[in-house]
Amino acid sequence: MDKKPSILVVDDERAIAELVGKLLVEEGMDVHVCFSGADALSTFGRERLDLVILDIMMPGMDGFACCRELRRTSSVPIIFLTAKDEE
């Protein structure tokens, strides 16, 4: 039996995070949704994750700070999801 990919979606805008999570579940993924960088780090410490989808602009710990913390212990792939209009 194949294991479903496990994905962490992190965005302070609940509607966006929940929509992305719902779409990934519909594609057969195991999804964890968090609404802050601190919650993401806590979840990351408890779960074995295959991918992190991370918003850049969040209050408190932004996506870049969260990414730096994740990189201290893991090389999990990270995709930044943002409303910014430049690369």
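These entries record what I looked up in a predicted model of one chain.

**Basis.** I number residues from 1 along each chain as its sequence is written, and side-chain values use heavy atoms, with hydrogens and water left out. As the model is predicted, local features need pLDDT of at least 70 and side-chain atom pairs count only at pLDDT 80 or more, while totals for chains, interfaces and linings use all residues.

**Overall fold.** I counted 3 helices and 4 strands, taken as DSSP runs numbered from the N terminus (helices H or I, at least four residues; strands E, at least two). Along the sequence I read the pattern β-α-β-α-β-α-β. The radius of gyration, taken over C-alpha atoms, is 12 Å, close to the 12 Å of the globule rule for 87 residues, so the chain is as compact as a globular protein of that length. That rule is 2.2 Å times the number of residues to the power 0.38. I noted a C-alpha trace spanning about 40 × 30 × 25 Å along its principal axes. Of the 87 residues, 37% count as buried, meaning under 20% relative accessible area with a 1.4 Å probe, protein chains only (exposed is over 50%, partly exposed in between).

**Strands β3 and β4.** I found β3 (residues 51–55) paired with β4 (residues 78–81) in the parallel sense over 4 bridges; pairing requires at least two bridges found by DSSP. Within this pair, L54 stands opposite F80 in β4. From β3 the chain passes through helix α3 (residues 63–71) to β4 in a right-handed β-α-β crossover. Right-handed here means that, with the strands pointing away from the viewer, the path from the first strand over the helix to the second runs clockwise.

**Nonpolar cores.** I looked for sets of buried Ala, Val, Leu, Ile, Met, Phe, Trp, Tyr and Cys residues joined through side-chain atoms within 4.5 Å. The largest such core has 14 residues, and L8, V10, V52, L54 and I78 have the most contacts inside it. At least two residues each come from β1 (6–10), α2 (37–46), β3 and α3; the largest share, 3 residues, is from α3. Apart from neighbours within four places in sequence, L54 is in contact (heavy atoms within 4.5 Å) with residues including V10, C66, C67, I78 and F80. I also noted a second, separate core of 8 residues, among them I7, V9, V20 and L51.

**H32.** I located H32 in strand β2 (residues 30–34). H32 counts as buried because its relative accessibility is 17%. Neighbours within four places aside, its contacts are S6, I7, L8, V9, T43, E47 and L49.
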